[in-house]
Amino acid sequence: MLWGVVQFPGSCDERDALHACELSGDEARLIWHEERDLGGADAVVVPGGFSYGDYLRAGAIARFSPAMEAVAEFAAAGGPVLGICNGFQVLCETGLLPGALLLNDNLRFVCRQVDLLADGLWPSQGAQSLIEPGETLSIPAKHGEGRYWAPEGMLDAIEAKGQVAFRYAAGQNPNGSARDIAGVRNEAGNVLGLMPHPEHAVDAMTGSTDGLGVFEAMAGARA
Amino acid sequence: MKARVLIRPKEGILDPQGKAVERALPALGFEGIEHVRVGRVVELEAEDPAKLPELCEKLLANPLIEDFEIESIDGA
């Protein structure tokens with residue numbers, strides 16, 4: 001199992017993502033944004049950070065990089081793609097995931113541990129999924145533009161299709177996200193994006209290892 | 001053509017920047033200002049203005065969350 005972790009100018013969490021992939025028992029390598037070839041990766045992480053300085057809108061310019069063209073083709077062919085924070089924003093801008101991420105409603109950069117409730121269709125991901133609906137994961141969130149938003153009709157549709165993967169636990173929504181949504185998947189289930197950072201929750205020394213399950217679940221998420 | 005593109009959050013989407021500006025105004029003595037919304041302006045020169053709407057939809061604005069208007073500023 002080989003993970004590819006995309007690295008844009010301005011990415012800052014790609015090393016932690018590599019580390020998380022390796023702790024999950026897999027190999028991992030970086031994919032520079034100018035590479036058009038994913039190097040045989042079996043799954044891809046689009047990591048957190050501030051790709052291309054987040055100029056214009058977060059994720060708007062990264063979308064046009066050669067590596068993201070390759071990731072879009074990989075996702076369309078059923079390959080597992082995990083977008084974290086800025087990576088979630090990039091996947092929404094690319095159209096691989098529904099909705100958009102807006103400025104936090106309180107205008108503050110949030111940096112805190114949050115409880116996430118797993119929701120949606122996790123069991124359909126196969127035997128490798130270690131995440132069950134209703135399970136709570138303790139994961140750090142750190143972002144200024146994490147308010148998930150989509151038109152009401154789109155929210156109804158993604159809820160009905162089980163595409164809401166994570167919600168903030170009651171009272172812990174840090175940014176005004178619609179319906180407490182912290183992460184969504186595509187209809188096929190092979191693309192997942194979330195604002196909190198599972199790659200920062202992989203070592204008991206820093207308080208939680210709940211993030212490992214997200215990597216292990218996505219490793220088996222080929223559609 | 002010289003053009004100016006105005007991009008603003010769609011009606012109905014909470015604009016916290018606009019709210020923050022609105023809340024600051026009474027303290028400065030500006031009463032009666034409501035519904036402040038903050039967007040952005042992009043000025044550019046285009047050889048082929050016909051391409052501008054597509055360019056706006058693909059990059060300058062996110063049509064899910066933002067409206068845009070293109071105006072010519074030739075001679076301005």
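Biologist: In chain A, how do strands β1 and β3 run, and how many bridges join them?

Modeller: They run parallel, with three bridges joining β1 (residues 2-7) to β3 (residues 43-46) in chain A. Keep in mind that this is a predicted model.

Biologist: What stands opposite Trp3(A) in β3(A)?

Modeller: Ala43(A).

Biologist: And what is the strand order in the open sheet of chain A?

Modeller: The sheet has nine strands, ordered β2-β1-β3-β4-β11-β10-β9-β6-β7, and the pairing is mixed. β2 (27-32) and β7 (136-143) of chain A each have a single partner strand, so they stand at the edges with one side lacking a neighbour in the sheet. On average, neighbouring strands are turned by 25° against each other, ignoring direction.

Biologist: Switching to the contact between the chains. How many residues does each chain give?

Modeller: Chain A gives 10 residues and chain B gives nine. On the chain B side, helix α1 (residues 16-24) supplies the largest share, three residues.

Biologist: How do the residues on that side of chain B divide into nonpolar, polar and charged?

Modeller: Seven are nonpolar, two are polar and none is charged.

Biologist: What is the order of elements in chain B?

Modeller: From the N terminus, β-α-β-α-β, that is, two helices and three strands.

Biologist: What percentage of chain B is buried?

Modeller: Buried residues make up 7% of the 76.

Notes
Residues are numbered from 1 along each chain as its sequence is written. Chains are lettered from A and ligands numbered from 1 in the order in which they are written. This is a predicted model: local features need pLDDT of at least 70, side-chain atom pairs count only at pLDDT 80 or more; totals for chains, interfaces and linings use all residues. Two strands pair if DSSP finds at least two bridges between them. Helices (H or I, at least four residues) and strands (E, at least two) are DSSP runs, numbered from the N terminus. Axes are lines fitted to C-alpha atoms, for helices over the stretch in contact, and angles run from 0 to 180 degrees between N-to-C directions. Two residues are in contact if their C-beta atoms, placed from the backbone, lie within 7 Å. Ala, Val, Leu, Ile, Met, Phe, Trp, Tyr, Cys and Pro count as nonpolar, Asp, Glu, Lys and Arg as charged, and the others, Gly among them, as polar. A residue is buried if 20 or more other C-beta atoms lie within 10 Å of its own, exposed if 12 or fewer, and partly exposed in between; C-beta atoms are placed from the backbone.
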